[in-house]
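The structure is shown first, and the description follows.

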Amino acid sequence: MTTTLLPALRTTDPAVFGRVAVLMGGTSSERAVSLDSGRNVLAALQSRGVDAHAVDGIPALVDALVHGMFDRVFNILHGNKGGGEDGVLQGFLAAFEIPCTGSGVLGSALTMDKIRTKQVWLSAGLPTPRFVRLPPGADLRAAAQALGLPVFVKPSCEGSSVGAVRVENEAALEEAERVAREYGGEMLMEALVVGDELTVGILGDVALPSIRIVPKGGWYDYQAKYVAEDTQYLCPGLQGEQEHAIRALALAAFRAAAATGWGRVDVMREIDSDKLWLLEVNTAPGMTSHSLFPKAAREFGVAFEDLCWRILEQTLPIDGGATP
Ligand SMILES: Nc1ncnc2c1ncn2[C@@H]1O[C@H](COP(=O)(O)OP(=O)(O)O)[C@@H](O)[C@H]1O
Ligand SMILES: [Mg+2]
């Protein structure tokens, strides 16, 4: 298939970036993954001569910025609550006029909330599974009746499948109710999509080749995906027109959600109809050796070091004007 090429590099001089904080770790549940991602990004930037330094968590960054130690931030914190993916970090940095990689306040905050992201997609005519919003104390049985089983129940503002429950029948609904009570925050109940799970990386204005996540022993096995270690990743995940369609949809969904710079859009493909359904956007995807975003970039011909450079380039002012 024909692919859109990436634009030429905007600079080849690492000095242009000044001192760069690679912000990693933090206090979210995804701390360990973030440290792994961060170390990789740091090594990649340093290998290209960038004056990059590790900073662990937002308080340490605040301290360093107060002392004028950094010119820009490569954000590789994952998650919310002390993670850097929910708009809090972005607002703080905007106030200090410190450029940062990835989405701004709006894109970060919106995509951290699955319910509001889906509402925006629906209003833009983009396909996302039918759902019911579940505020704390909501009646899960009534919601399940409205949607029809099976359904997926998940927190609106968590990641990494934290608190997600697949509900096939009435008995499983009890377990979902227990999880919802324990969680205590806003959740959503979503129509279950039976089919393939795919993800599409976005780099600037380009959708990278999709990745299809294939659990061993079947095309659809939730247990296998999360418990077993022999999951396969196919890239590109689809062929021809279908691959073209998923990339176009992911890019449209990313833009509609006000996400910018780079990120990953999770999509389900219904087995019976080939229809694509949008699940969510991640604005600071993993950059570990197992992560999907660098895999897709590699398939596109972009090595890890080039990928980190290109993401960092997005913090440079456009035509000498304000930073994005
Ligand atoms: N509506 C759905 N139908 C089928 N599977 C789903 C559905 N929603 C979520 N899942 C499964 O749960 C996983 C996590 O859901 P997702 O919405 O991507 O949230 P997060 O990755 O933030 O936990 C998905 O990758 C997919 O395997
Ligand atoms: Mg996901």
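The model is predicted: local features need pLDDT of at least 70 and side-chain atom pairs count only at pLDDT 80 or more, while totals for chains, interfaces and linings use all residues. Residues are numbered from 1 along each chain as its sequence is written, and chains are lettered from A and ligands numbered from 1 in the order in which they are written.

Buried in α9 are Ile246, Arg247, Leu249, Ala250, Ala253 and Phe254. Seen down the helix axis, the directions to the C-beta atoms of these buried residues fall within an arc of 165 degrees, so they line one face of α9. Helices are DSSP runs of H or I with at least four residues, strands are runs of E with at least two, and both are numbered from the N terminus.

| Element | Residues |
|---|---|
| α5 | 114-123 |
| β8 | 195-203 |
| β9 | 206-207 |
| β12 | 262-270 |
| β13 | 276-282 |

Just after α9, Ala258 takes a positive phi of about 65 degrees. In the protein as a whole, there are 11 helices and 13 strands, and 43% of the 324 residues count as buried.

Conventions. Buried ≥ 20, exposed ≤ 12 C-beta atoms within 10 Å, placed from the backbone. Contact = placed C-beta atoms within 7 Å.
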